[in-house]
Amino acid sequence: MNQLPDHFQDWYEKVHGEGASDDTERFCRREVMHAMWTLLLDPEFRKAYEEGILWECGDKILRRLFPRLFIYSADYPEK
């Protein structure tokens, strides 16, 4: 699970006058995750993903490499 910084509750209470509810924390964690993906999938990465990157490999052959992100996602009913 994504975690917010330890001082998040203190900051939230200082700004809003009360602690953040579980729903608010869940919303904030989701927004942080989306912001991270926005940074990772910047225009430079998307271009490389679609068109590839020319790279001279160890055998001195120029190859076009395509970066990919692999994500493992699973549901653990026992938790």
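This report describes the fold, core and hairpin of a predicted model.

## Basis of the model

Local features require pLDDT of at least 70 and side-chain atom pairs pLDDT 80 or more, whereas totals for chains, interfaces and linings use all residues. Residues are numbered from 1 along each chain as its sequence is written, and side-chain values use heavy atoms, with hydrogens and water left out.

## Overall architecture

The protein chain contains three helices and two strands, in the order α-α-α-β-β from the N terminus. Because its radius of gyration is 20 Å, well over the 12 Å that the globule rule gives for 79 residues, the protein chain is more spread out than a compact globule. The radius is taken over C-alpha atoms, and the rule is 2.2 Å times the number of residues to the power 0.38. Helices (H or I, at least four residues) and strands (E, at least two) are DSSP runs, numbered from the N terminus.

The C-alpha trace spans about 60 × 35 × 20 Å along its principal axes.

## Burial and core

Of the 79 residues, 13% are buried (under 20% relative accessible area, 1.4 Å probe, protein chains only). The largest nonpolar core comprises Leu4, Phe8, Tyr12, Ala20 and Cys28; such a core joins buried Ala, Val, Leu, Ile, Met, Phe, Trp, Tyr and Cys residues through side-chain atoms within 4.5 Å. Leaving aside residues up to four places away in sequence, Phe8 touches Ala20, Glu25 and Cys28 (heavy atoms within 4.5 Å).

## The hairpin

Strands E1 (residues 53-56) and E2 (residues 62-65) pair in the antiparallel sense over four bridges; pairing requires at least two DSSP bridges. Ile53 has Leu65 in E2 as its bridge partner. Five residues lie between the strands, and Lys60 in this hairpin takes a positive phi near 70°.

Key
Buried means under 20% relative accessible area, exposed over 50%, partly exposed in between (1.4 Å probe, protein chains only).
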